[in-house]
Amino acid sequence: MNSWEQLKEAVETLANGGLVAFPTETVYGLGADASNPDAMERLYKVKNRPVTHPSIVHIGSADQIEDWCLEVPPAVEILAGLFWPGPLTMVLKRAPGVIDAVTGGQNTVALRVPSHPLAQSLLQAFGRGIAAPSANRFGNLSPTSAEDVKAEFGNEIMVLDGGSCPVGIESTIIDLSSGIPRILRPGMILEASITVALSGVGLRWQTADVNLPPRTPGSLPSHYAPAKPLKLISSLELENELAHIIPGGQKVAVMSFKKLSDNILHQVMSTSPAVYAFGLYRSLRRLDKSDADVIVVECPPLELEWEPILDRLKRAAGPRDIEVKDGT
Ligand code: TXA
Ligand code: MG
């Protein structure tokens with residue numbers, strides 16, 4: 001099948017209430033028609049995701065914002081102008097027609113215009129919003145290639161293959177539904193860039209409140225996690241930690257900025273945050289498939305541009321026993 005025929009089949013599948021996995025610049029999404037409750041039910045079942053967790057609606061261009069939300073505050077116009085199409089998701093007050101299956105019953109809706117050419121072609125051809133969580137089962141690492149999606153779902157689902165996702169981690173999510181902007185999930189569009197962009201609008205910012213219930217599964221303590229236990233260790237402690245673990249008989253796989261020993265399975269990472277993010281999930285998947293008992297990750301620098309990467313690593317290292325994985 002050529003790519004045109006594949007796109008046509010993808011559009012027909014979505015229009016018939018089916019699911020299509022497709023590439024975005026961040027990670028692969030598992031798409032369903034965002035105005036079809038049956039399609040949304042299918043999506044949540046396949047993903048094994050609690051129905052109370054909302055999904056991002058992907059739209060082809062900012063012109064469609066008003067179909068989905070009640071009002072478009074000036075901040076939204078500024079951010080859409082600067083960062084769309086791209087890896088930014090905005091949470092806004094939902095329009096009355098938006099179905100509960102998309103919003104998880106909340107009074108807000110999350111919108112994003114992805115920049116990946118194949119995502120754009122799909123959205124233009126479909127003409128409506130596509131709800132798409134990352135194309136992995138709930139709690140697992142997000143897929144960054146068509147092979148990753150197939151490893152997760154087998155041949156159960158149609159996958160449009162757009163190669164490797166260039167950003168590599170999920171979009172930044174900003175809540176603009178209340179007049180007090182709040183970053184719900186850090187991403188490669190940094191909070192600092194957004195703050196600068198919105199400095200003229202005179203908004204009061206709210207820092208994340210740890211006592212709020214998790215409206216985003218990404219804010220559960222353990223999420224974006226490999227199957228093996230993961231330890232996040234500071235550069236200074238790294239050699240000590242290995243000297244402690246290895247004699248204890250545990251096999252270790254290490255993700256670090258430099259190779260430490262020829263006898264340990266290593267993934268050497270870039271010191272550039274963008275390149276690190278591009279390889280993060282791919283590298284974790286590789287180490288997760290190895291015969292190691294534990295993955296040890298050297299903590300990146302505690303600097304602004306590393307924040308989204310640190311966030312994912314902390315969640316991957318987070319306590320597993322609090323995680324909601326059973327769809328409740
Ligand atoms: O980069 C991305 O955002 C990828 C690609 C496919 O676009 N999508 C993605 O979707 O990461 P997902 O569902 O895995 O994560 C989206 C997060 C979820 O944690 C969800 O709870 C949150 O966005 N979310 C969606 N709608 C929301 C809303 N109305 N209010 C608050 N959070 C919302
Ligand atoms: Mg996800």
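**Notes on the predicted model**

1. In this predicted model, helix α1 (residues 3-15) and helix α6 (residues 117-126) have axes that come within 10 Å and cross at roughly 55 degrees. Because angles from 65 to 115 degrees count as roughly perpendicular and those under 35 as roughly parallel, α1 is therefore oblique to α6. The crossing in which α1 passes α6 is right-handed.

2. The contact between these two helices involves Leu 7, Ala 10, Val 11, Leu 14 and Ala 15 on the α1 side, and Ser 121, Leu 122, Ala 125 and Phe 126 on the α6 side. By class, the residues of this contact are eight nonpolar, one polar and no charged. As background, an α-helix has 3.6 residues a turn, so residues three or four places apart point the same way.

3. Ala 10 deserves a separate remark. This residue of helix α1 is buried, with a relative accessible area of 0%. Leaving aside residues up to four places away in sequence, Ala 10 touches Val 20, Leu 122, Met 158 and Leu 160. Of the pair Ala 10 and Leu 122, the C-alpha atoms are 7.7 Å apart in space, while the residues are 112 apart in sequence.

4. On α10, the contact with α11 is made by Pro 273, Tyr 276, Ala 277, Leu 280 and Tyr 281; on α11, by Ile 309, Arg 312 and Leu 313. This contact of α10 with α11 comprises seven nonpolar, no polar and one charged residues.

5. The buried residues of α11 are Pro 308, Ile 309, Leu 310, Asp 311, Arg 312, Leu 313, Arg 315 and Ala 316.

6. In soluble globular proteins, nonpolar side chains tend to be buried together.

7. Which residues does Ile 194 touch? Residues up to four places away in sequence not being counted, Ile 194 touches Leu 79, Phe 83, Leu 88, Thr 172, Ile 174, Ile 183, Ile 189 and Trp 205.

8. Thr 172, one of the residues touched by Ile 194, belongs to strand β8 (residues 172-175). Thr 172 is buried, and its relative accessible area is 0%. With residues up to four places away in sequence left out, Thr 172 touches Pro 87, Leu 88, Thr 89, Ile 183, Arg 185, Pro 186, Gly 187, Met 188, Ile 189 and Ile 194.

9. Most residues other than glycine have a negative phi, and most peptide bonds are trans. The peptide bond from Trp 84 to Pro 85 is cis, with omega near -10 degrees, and Pro 85 is placed in the loop between α4 and β4. Asn 48, a residue other than glycine, has a positive phi, near 60 degrees. Asn 48 is located in the loop between α2 and β3 (56-58) and is partly exposed, at a relative accessible area of 37%.

10. A last point concerns Ser 234, in the loop between β10 and α9 (238-245). Ser 234 counts as partly exposed, with 35% relative accessibility. Ser 234 and Pro 300 are 66 residues apart along the chain, and their C-alpha atoms are separated by 7.8 Å.

Methods. Residues numbered from 1 in each chain as written. Chains lettered and ligands numbered in written order. Predicted model: local features only at pLDDT ≥ 70, side-chain atom pairs only at ≥ 80, totals over all residues. Heavy atoms only, no water. Axes fitted to C-alpha atoms, helices over the stretch in contact; angles between N-to-C directions. Helix = DSSP H or I, 4+ residues; strand = E, 2+ residues; numbered from the N terminus. Parallel < 35°, antiparallel > 145°, perpendicular 65-115°, else oblique. Left-handed = near helix turned anticlockwise from the far one by under 90°. Contact = heavy atoms within 4.5 Å. Nonpolar A, V, L, I, M, F, W, Y, C, P; charged D, E, K, R; others polar. Buried < 20%, exposed > 50% of the residue type's maximum accessible area, 1.4 Å probe, protein only.
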